[in-house]
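Today I opened a new structure and jotted down what I looked up.

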Amino acid sequence: MIRLRRGLPIGLLGLACFGCGHSASPVAPFDSTAAVPTPRNLQVHSDPIGRLVLRWSATPQDRAVVDGWFVERRVTTSSAFTRLEVEARMDTTYFDDDIAEGVRYVYRVLAVTGAGVTSLPIEAGPVRGDRTAPATPGAVVAVTASGGIQLSFVDAGEPDLAFFEVRLTQPQSSDPPEFRQVSGSPALIGGLAVGSPYAFEIAAVDSAGRISAFSEPPVGAIAGP
Amino acid sequence: MIRRVARLAVTLALLPLLPCPSLAGGGWIPERGHSYLEASLLHAATEETYDADGTLVPYRRLAGVDRATTYGDDALALFAEFGLGSGLVGEGDVLLRRARVVEPATRFTTWGPADVRLLLKRGFRAGALAWALSLETRLPLFYDETDNPALGSGFVDGALQFHAGVGSARGWAQAEMGLRARGGPAVTEWPYALQCGANLGRRWSLIADLRGNGLLRRGGDVDVGAVGGEGSFDPARASSSILQVGPGVAYFPRSDLRLAIQGWRSLEGRNMPAGWKWKLGVARLR
């Protein structure tokens with residue numbers, strides 16, 4: 001595979017050059033796909049602002065051969081991959097901001113040499129586009145319980161809920177808020193100062209790390225023994 | 001900078017120790033209708049380069065990517081000098097270049113006519129001690145300067161230079177120095193050269209040649225193509241300096257035919273491949 005260009009219509013007087021050119025030709029053994037190092041450890045996940053983030057790695061030995069990487073994508077209903085960038089990218093991260101809510105995508109990454117020889121692809125499992133933060137939990141109730149305070153709440157039932165973030169403050173204290181993570185309702189919040197009042201707000205966090213607004217108003221209770 | 005000046009001073013101090021009687025000098029102006037036509041082959045290959053700070057480092061095309069790389073530069077240079085009369089001489093040369101960067105997986109090659117250089121020189125003193133001033137321009141030809149390796153910067157340069165020479169039947173010494181304003185983002189240079197030659201009989205000459213260029217200031221943020229800069233290193237596009245020195249020998253099989261071989265070894269530089277450069281030339285004198 002040789003990339004060759006001749007007859008550039010540039011330069012003095014705008015004349016074409018018939019005796020000049022530029023080529024990028026492969027050097028053996030890296031003139032075949034099998035010899036070009038495949039990207040390593042491809043991972044895809046959503047980020048808090050709704051993009052899908054691809055990360056992969058390459059060893060120094062890989063970088064001695066590879067000039068960059070191509071990222072390709074298909075939807076799960078199709079078998080045809082589309083290359084997302086014309087030029088190979090030189091870093092090992094790609095942010096895909098052009099995704100649709102609820103659509104499932106499959107990504108693959110190929111390494112490419114300066115001569116344009118690509119490696120075998122590495123492919124990640126399907127991931128779902130998710131651009132919506134979860135709903136704020138409602139019906140939050142805090143009651144004194146043995147060992148602390150028991151929180152109960154109602155979530156919206158999104159399938160990708162990961163956990164709930166609890167923000168607790170002591171109304172009679174100037175200490176900054178404390179945060180706890182709970183997996184669901186009801187949840188016992190322990191390790192509190194017995195007999196002290198606490199106020200609670202709660203937010204839902206999905207698997208992409210997006211977080212809902214905190215519930216309001218804060219609900220209060222006194223920590224039990 | 002101090003190291004470079006010291007090295008240059010030492011070299012200049014040692015040069016008078018060489019046999020340098022004169023035949024012609026840098027300020028020499030051929031008579032009207034006289035000419036000097038030369039075709040030469042140039043060759044350089046290296047795995048090292050001077051970075052933007054002048055440190056000798058491995059040649060790397062891509063900043064931050066460590067891979068064994070060889071840079072090669074071969075050219076056919078065509079040079080002509082014509083006496084125009086009235087103390088004027090016209091010079092010109094063009095390089096048909098092939099620049100090559102070879103990495104483990106890819107061989108990048110760019111070839112074709114590079115820059116054409118045109119020079120008009122006016123002599124102000126003839127005889128054993130001659131001196132002259134010249135105006136020079138360098139024009140890019142048909143290449144694409146975004147290719148890597150590029151054949152040139154893609155911009156027009158202009159230079160004003162002072163030439164002086166002293167000569168006798170035993171040899172010559174000549175010097176030149178000036179300013180070269182480079183087009184585009186590259187920094188203004190001050191080119192210089194110093195050459196001594198000793199005639200060994202009628203047919204042989206020994207040559208000692210020092211030449212290079214300094215920079216009026218560092219390239220800084222606008223230094224495209226610099227070693228370690230953003231993107232790719234390309235010596236044709238970066239603000240570069242070099243100091244090189246080397247020997248040569250010339251042979252005259254006939255009084256109007258000159259064969260010469262010369263070599264230069266780089267001593268220091270910035271954004272410039274290091275190592276030896278060789279020239280094999282044949283010239284016709286009229």
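**Chain A as a whole, then one serine**

I began with burial: 44% of the 225 residues in chain A are buried. I keep in mind that this is a predicted model.

Next I looked up the secondary structure, and chain A has 1 helix and 17 strands.

How far does the C-alpha trace of chain A span along its principal axes? I found about 90 × 40 × 35 Å. The radius of gyration of chain A is 27 Å, whereas a compact globule of 225 residues would have one near 17 Å.

I then checked the contacts in chain A between residues at least 6 apart in sequence, and 61% of them join residues at least 24 apart.

For the surface, I noted an accessible area of about 11300 Å² for chain A, with 55% of it belonging to carbon and sulfur atoms. I also looked up charges: chain A carries 18 positive and 23 negative side chains, and the centres of these two sets are 9 Å apart.

Is S266(B) buried or exposed? S266(B) counts as buried because its relative accessibility is 4%, and the cut-off for buried is under 20%.

What does the side chain of S266(B) reach? I found the backbone nitrogen of G275(B) at 2.9 Å. The side chain of S266(B) also makes a polar contact with the side chain of Y50(B), at 3.1 Å.

Last, I looked beyond the neighbours within four places in sequence: there S266(B) is in contact with Y50(B), I242(B), L243(B), Q244(B), A274(B) and G275(B).

Key: Residues are numbered from 1 along each chain as its sequence is written. Chains are lettered from A and ligands numbered from 1 in the order in which they are written. This is a predicted model: local features need pLDDT of at least 70, side-chain atom pairs count only at pLDDT 80 or more; totals for chains, interfaces and linings use all residues. Side-chain values use heavy atoms; hydrogens and water are left out. Helices (H or I, at least four residues) and strands (E, at least two) are DSSP runs, numbered from the N terminus. The radius of gyration is taken over C-alpha atoms; the globule rule is 2.2 Å times the number of residues to the power 0.38. Buried means under 20% relative accessible area, exposed over 50%, partly exposed in between (1.4 Å probe, protein chains only). Contact means heavy atoms within 4.5 Å. Accessible areas come from the Shrake-Rupley method with a 1.4 Å probe; for residues, only the protein chains shown count as cover. Lys and Arg count as positive and Asp and Glu as negative; His and the chain ends are not counted. The place of a charge is taken as NZ of Lys, CZ of Arg, CG of Asp or CD of Glu. A polar contact is a pair of N or O atoms within 3.5 Å; within protein, one must be able to donate a hydrogen and the other to accept it, and residues adjacent in sequence count only if both atoms are side-chain atoms.
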